[in-house]
2 protein chains.
Amino acid sequence: MAELRQNMVTKEWVIIADERAKRPDDYIESHQQAITETQTLYDPDCPFCPKNEELDLEIECFPAKGAWQTRAVHNRYPALSKDGNLSRTFKGVHRKISGVGHHEVVVENPRHNTTLALMSPEEIKLLLETFYHRGWSIRKDSRIEQIIYFKNHGERAGASLKHPHSQIIGLPVVPNNIRNRIDVTRRYFDDTGDCAYCTMMQDELKSQERLVAVNDHFVAFVLYAAPSPFHMWILPRNHSVSFLYSQSEELDDLAKMLRDVLRRLYIGLRDPAYNLIIRTAPVKEISNDYTHWYVTVVPRLSRTAGFELGSGIFINPAIPKESAAFLRRVKV
Amino acid sequence: MAELRQNMVTKEWVIIADERAKRPDDYIESHQQAITETQTLYDPDCPFCPKNEELDLEIECFPAKGAWQTRAVHNRYPALSKDGNLSRTFKGVHRKISGVGHHEVVVENPRHNTTLALMSPEEIKLLLETFYHRGWSIRKDSRIEQIIYFKNHGERAGASLKHPHSQIIGLPVVPNNIRNRIDVTRRYFDDTGDCAYCTMMQDELKSQERLVAVNDHFVAFVLYAAPSPFHMWILPRNHSVSFLYSQSEELDDLAKMLRDVLRRLYIGLRDPAYNLIIRTAPVKEISNDYTHWYVTVVPRLSRTAGFELGSGIFINPAIPKESAAFLRRVKV
């Protein structure tokens, strides 16, 4: 029989649907070649390829001197404007905030035809350092309350350009979604004295059923209440509210972990589309016992339809422990 | 400049992104023929076409005698099982509920190549009566806390079969998503003495900017804080917590309203994929001043990507009042 399972930090239920269950290898993409293998090293029409850089949009490059390896630029079509005053307007039933904020793109690598799963740990670490550097910079803007770091890989995950890139959005408000988790985990802390994320991680380390990979500073597992197939969380083992407090050796380990996990998807499922998100505390909430930053990796292997929109409950036809076992077996 | 707008009943923010703004007619589908026009009246391989009925799955037909016009059947691959005991298990950090519930499909019409936008008001009313009838039946099951009525039209909206059909899922728990709205609107009522939905509807009727259609019992408008292009709500003008308390003349007017709104999408945007959901109160909460049932219509014209997954904030490149004006101009 199917099961409804609750995520302890979001309180969201999911349906793990065994009547509709698919085996993990049913999710292997049918395209013959990985997305990136169909591309060329350099695309003359790509605005992110070396020699085609849109210099008016440039923020900074890493390394600062010589040929760039990563490059932060303004989004040409930003969702929010970096200039302008922050204003909140209440008028009758309408509540609005002026659309100020930051919307940056991080070009992850000069090569057009690569992706995180194919990069070296050093290249991925440089990307994480770029996030770190840009995050600290955006954080200086007192209008900003929340920073979202994310990557869309593949068309089904919302990527419109193929050149490997990520995005950073600085928001003038803490999203309701993030506020809700803070409320839930704060109550959990008040009740138990524990961080809910630390508790969940310890449980995963103990049971090992849903573990995908472990190193000194990070643990990757498929969620017990995974809303979609292969939905993973990568948690820092030391309690910390923000990605921006990471030490250099933690970024080393996160780079290795991301490479490992994304290679398991790339090789095991043949380069599926995915979203990757760094979920971290609101910028002005610099310390507490119950917010724990982490990375989530969401392969886009199923669709949301009316039921999910109407209930917020996702139907997942993949059994989390089977998905994890499949990924553990992939030879990276 | 872009704006962040807050939905007053969900507290969710959306970004109405004018830098990326598209004109309403940019959303017209590029397919040459409407989805339904490419199909035949009868498909020998369709399990929902007359003569191919899977009789073992049948629940009931309407009308009860003679040729059926609508037909309720069990889903062959149900997300939840109708048999079995409701049990809740807490074990360490894991919280689960046995997957019991109802998962029914409503075949909306004997014709394979039709869709709500092409049906008569009488045919749509019979569908609504089928929902009503099945809802009252599912409600008798004391294990059920919440019923979700929904329709996926088109592949991008998650429809896997082309024959026009809807689904009904009876859940053994009130989803967190629905509970959150109840909490928000209850606080609004406590503060103001008003139903937030009634207040929102009165505001839309007064401003008329985002109105799409109005009749005696229903109002359809594009949301002020629409998370995606052409995202509409259809509210009953009389405060009522549940679809299941609708009177026959209200169902008449809802059928006409659905036909009107869906024809505007069908003709104006050339048969886009959409989800339609009836959002109604938990079955055991039969009366209050702050829950107001309604229908939501969500054309699937944009993708959710990493930012939406990470923040819960949707970026909508369509200006709601422009979307509404476009739909009002469509000749139905």
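Two strands pair if DSSP finds at least two bridges between them. Strands (E, at least two residues) and helices (H or I, at least four) are DSSP runs, numbered from the N terminus. Welcome to the close-ups of this predicted model, in which local features need pLDDT of at least 70 and side-chain atom pairs count only at pLDDT 80 or more, while totals for chains, interfaces and linings use all residues. Residues are numbered from 1 along each chain as its sequence is written, and chains are lettered from A and ligands numbered from 1 in the order in which they are written.

**View 1. Strands of chains A and B are joined by bridges.** Here β6 (residues 94–98) of chain A runs antiparallel to β1 (residues 3–6) of chain B, with four bridges between them. To find one of these spots, look for A:S98, whose bridge partner in β1(B) is B:E3.

View 2. Within chain B, β5(B) and β6 (residues 94–98) run antiparallel and share four bridges. There, B:F90 has B:R95 as its bridge partner in β6(B).

**View 3. Chain A touches chain B.** Contact links 61 residues of chain A with 61 residues of chain B, where contact means that the C-beta atoms of two residues, placed from the backbone, lie within 7 Å. On the chain A side, 30 residues are nonpolar (Ala, Val, Leu, Ile, Met, Phe, Trp, Tyr, Cys and Pro), 19 polar (the others, Gly among them) and 12 charged (Asp, Glu, Lys and Arg).

**View 4. B:T280 is a buried loop residue.** This residue is in the loop between β13 (274–279) and β14 (294–299) of chain B. B:T280 counts as buried because it has 25 C-beta neighbours inside 10 Å; the cut-offs are 20 or more other C-beta atoms within 10 Å for buried, 12 or fewer for exposed, and partly exposed in between, with C-beta atoms placed from the backbone. Leaving aside neighbours within four places in sequence, B:T280 is in contact with B:I147, B:S242, B:F243 and B:W293. B:Q146 is 134 residues away in sequence, yet 8.4 Å away in space, C-alpha to C-alpha.
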